[in-house]
Amino acid sequence: MVQTTDSVTRLVDEFAKLPGIGRKSAERLAYHILRVHESEAMALADAIRTVKQNVRYCSQCFNLAESELCSICQDPRRDKTLLCIVEQPRDLMAIEQSGMYPGLYHVLLGRIAPLEGIGPDQLTIDALVDRVRAGSFREIIMATNPTTEGDGTALHISNLLSELPVTLTRLARGITTGSILEFTNKEILADALSGRQKL
């Protein structure tokens with residue numbers, strides 16, 4: 001990198017720590033901050049400070065919240081008999097954007113990944129089991145990611161909940177509308193075959 005001031009180097013270093021941001025992108029972001037009006041740069045700094053000071057995890061579902069409960073848990077229109085289990089708040093947001101799910105959520109804040117040293121005790125699984133035992137859910141939807149770790153996490157949770165009087169389901173998987181079989185990978189085809197439905 002061309003010699004620059006210590007402050008600019010520090011800013012580039014901080015941007016480079018962000019996921020998906022390489023050194024070149026970090027430099028572009030730093031020089032963008034230098035070019036914009038001071039009020040715009042300070043608005044970004046204030047937004048970062050505010051989110052770090054105000055945002056926490058919902059005490060019930062572990063979604064992002066600015067009070068004890070998130071807006072979904074506080075919403076009286078939500079179906080309190082449906083519970084969808086996701087790995088991260090961003091997964092919850094993706095489902096919400098579909099506009100098709102009326103129930104509540106539980107965010108695990110990760111997935112069981114033994115190779116990374118992440119076990120069930122580092123997730124919110126105990127809180128989930130307590131919540132299901134105390135609640136009146138009729139269906140629990142496993143919406144963990146369709147990966148080895150996501151499937152392993154779903155299996156672990158379903159074993160813990162198997163004795164409880166709730167229906168356990170998982171998100172459907174398989175071939176998307178408009179795709180061509182010969183170009184579909186074998187994992188997607190296998191999921192589609194095992195999850196086939198009656199016509």
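Author: Welcome! A pocket, on a 1 Å grid over the protein atoms alone, is an open set of points with protein on both sides within 12 Å along at least five of seven lines, and its lining residues have an atom within 4 Å of a point. Its volume is the space filled by probe spheres set on the points, which are joined across faces, edges and corners. This model is predicted: local features need pLDDT of at least 70, side-chain atom pairs count only at pLDDT 80 or more, and totals for chains, interfaces and linings use all residues. Residues are numbered from 1 along each chain as its sequence is written, and side-chain values use heavy atoms, leaving out hydrogens and water.

Reader: What is the volume of the largest pocket, and which residues line the largest pocket?

Author: The largest pocket has a volume of about 450 Å³. Its lining includes Arg10, Phe15, Ile33 and Met42. Two elements give two or more residues each to this lining, α1 (6-16) and α3 (38-54). The largest share, six residues, comes from α3. Helices (H or I, at least four residues) and strands (E, at least two) are DSSP runs, numbered from the N terminus.

Reader: Why is Tyr57 called partly exposed?

Author: Buried means under 20% relative accessible area, exposed over 50%, and partly exposed in between (1.4 Å probe, protein chains only). Tyr57 has a relative accessible area of 46%, so Tyr57 is partly exposed. Tyr57 lies in strand β1 (residues 56-57). Together with Leu64 and Met93, Tyr57 forms a nonpolar patch on the surface, with about 290 Å² of accessible area. Such a patch is made of residues with over 30% relative accessible area and no salt bridge; nonpolar side chains (Val, Leu, Ile, Met, Phe, Trp, Tyr) are joined within 5 Å, like charges within 9 Å. Areas come from the Shrake-Rupley method with a 1.4 Å probe, and for residues only the protein chains shown count as cover.

Reader: What makes Glu116 exposed?

Author: Glu116 has a relative accessible area of 51%, and that value is why Glu116 counts as exposed. Glu116 is found in the loop between β4 (103-107) and α6 (125-134).

Reader: How do you know that Asp13 and Arg23 form a salt bridge?

Author: A salt bridge is a side-chain nitrogen of Lys or Arg within 4 Å of a carboxyl oxygen of Asp or Glu. The closest N and O atoms of Asp13 and Arg23 are 2.7 Å apart, and the pair forms a salt bridge. Asp13 lies in helix α1 and Arg23 in helix α2 (residues 23-35), so the pair ties together parts that are 10 residues apart in sequence. Asp13 is partly exposed at 33%, and Arg23 is partly exposed at 37%.

Reader: Which residue forms a salt bridge with Glu96?

Author: The partner of Glu96 is Arg78, with the closest N and O atoms 2.7 Å apart. Glu96 sits in helix α5 (residues 89-98) and Arg78 in the loop between α4 (71-74) and β3 (79-86), so this pair ties together parts that are 18 residues apart in sequence.

Reader: Is Arg78 buried or exposed?

Author: Arg78 has 12% relative accessibility, so Arg78 counts as buried. Glu96, at 27%, counts as partly exposed.

Reader: How many salt bridges does a search of the whole structure find?

Author: The search finds nine salt bridges. One of them could be described by its side chains, Asp151 and Arg173, which meet at 2.5 Å, N to O.

Methods: On a 1 Å grid over the protein atoms alone, a cavity is a set of points where a 1.4 Å probe fits but cannot get out, and a pocket is an open set with protein on both sides within 12 Å along at least five of seven lines; lining residues have an atom within 4 Å of a point.
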